[in-house]
Amino acid sequence: MSKFLRERYRKLESYVPGEQPKDRTFVKLNTNESPYPPGTAVLDAVSRQETAALRLYPDPECGALKDSLAKLYGVKRANVFVANGSDDILNFAFMAFAGGRTKAMFPEISYGFYPVFARLHGVEFEAVPLQEDFSLNPEDYVCKNSLIVIANPNAPTGKALDLCEIEKIVRTNRDNVVLIDEAYVDFGAQSCVELIHKYDNLLVVQTFSKSRSMAGARLGFAFSSEGIISDLEKLKFSTNPYSINRLTMAAGIAAVEENDYYMENCRKIMDTREYTAAGLRQMGFAVVPSSANFLFVRSRIMSGEELQTKLREKGYLVRRFSNEKIADYNRVTIGTREDMEGFLQAVSEIMEER
Ligand SMILES: *Cc1c(COP(=O)(O)O)cnc(C)c1O
């Protein structure tokens, strides 16, 4: 740290992303990326012609991309926001909809970026404990007068709320924004996008990073009332109106055109998830029922750290978190069927060697 850094940022602890190793090849089951590549429409869209056009700025309105998302989700262009990854949208939301007397609230065990954004923007927050089985009690979020941020399905547990439970939270907080982070919704949970027509305080955030195989492109999108979208646009145009580059824009539009390909991949991943969960349970693991592209698992005889280390030695990367309540869990991203057959084999060897 230099002596120049502004006082308010000196104690900031930034988000620590999952490892992206360069030294050897691992089977990466640690950052919830898709094991499948983008589809052919995306590969064709990122063309020589589009690359040559990089001399020009991209469309700051992102009109074509917004229109294609609006059509797919049955909303108007004015209800759509797009930005450089959904992290970018979460950042704007904390900047825009909390602070001063408005606190933020989110589950204690959830996406690790939420407290980072809150601290970055000097937003006071309450981290609400989950129940014993990691389920979220909607009653904890009723009538709170705070910016409420809920990942549905939640990360890293994979547990989801149903539409009625989400609606209750949105309906009882009409004077503040309720942000539902649907990064994993395509893997089997119920989306609440339709509720934006009924409630002007709901902001639904999604991403191309997980179910649409484009973590490297950095593209997030959100649906909300026209008012909330215009607030987000105001902040985007006060920071970086060109945050979505031309290649990513072309890739995003193409991905929406071949939506069925990605939804089919999601079905495969859900099948592989259930196969993996069954295999782990057979070996005595506690496995949290998941509606996402990962499993949250605990060995009954080995610490979370030991399992993670031994898996690494066998070439499998999984993710573990520092919160002591979940230190004995590992989050395992679902790869291809072959990846997970190998993973189960590695786990079984680790158990036998012990
Ligand atoms: C991965 C993830 C994100 C971030 O997605 P990007 O679009 O890649 O920035 C947001 N929220 C949750 C809960 C995630 O797991």
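In which loop does P153 lie? In this predicted model, P153 is found in the loop between β5 and α6. The peptide bond that leads from N152 to P153 is cis, and its omega is near -5°. P156 also belongs to the loop between β5 and α6. A cis peptide bond joins A155 to P156, with omega at about 5°. The phi of C143 is near 50°, a positive value in a residue other than glycine. As background to these features, most residues other than glycine have a negative phi, and most peptide bonds are trans.

D133 and K159 form a salt bridge, with a distance of 3.4 Å from N to O. D133 sits in the loop between β4 (125–128) and β5 (147–151), whereas K159 sits in the loop between β5 and α6 (163–171). The two residues are 26 residues apart, and the pair links distant parts of the chain. In total, the structure holds 19 salt bridges.

Contact between the domains involves 26 residues of domain 1 and 23 residues of domain 2. The size of an interface is often given as the accessible area lost when the parts come together. For domain 1 and domain 2, the area buried between them is about 2,000 Å², of which 65% is on carbon and sulfur atoms. Y262, S291 and F294 supply 28% of the area that domain 1 buries against domain 2, more than any other three residues. One salt bridge is found across the interface of the two domains.

A salt bridge is also formed by K325 and E108, whose closest N and O atoms are 2.9 Å apart.

The arrangement of helices can be described next. Two packed helices are described by the angle between their axes and the distance between the axes. The axes of helix α9 (residues 259–282) and helix α11 (residues 337–353) come within 10 Å and cross at roughly 10°. Angles under 35 degrees count as roughly parallel, and α9 and α11 are therefore roughly parallel to each other. On the α9 side, the contact is made by T272, Y275, T276, G279 and L280. These residues meet R337, M340, E341, F343, L344 and V347 of α11. By type, the residues of the contact of α9 with α11 comprise six nonpolar, three polar and two charged.

Helix α10 (residues 304–313) contains E305. When neighbours within four places in sequence are left aside, E305 is in contact with R320 and A327. E305 and A70 are 235 residues apart in sequence, and their C-alpha atoms are 44 Å apart in space.

Conventions. Residues numbered from 1 in each chain as written. Predicted model: local features only at pLDDT ≥ 70, side-chain atom pairs only at ≥ 80, totals over all residues. Heavy atoms only, no water. Axes fitted to C-alpha atoms, helices over the stretch in contact; angles between N-to-C directions. Helix = DSSP H or I, 4+ residues; strand = E, 2+ residues; numbered from the N terminus. Parallel < 35°, antiparallel > 145°, perpendicular 65-115°, else oblique. Contact = heavy atoms within 4.5 Å. Nonpolar A, V, L, I, M, F, W, Y, C, P; charged D, E, K, R; others polar. Buried area = accessible area lost by both parts, 1.4 Å probe. Salt bridge = Lys/Arg side-chain N within 4 Å of Asp/Glu carboxyl O.
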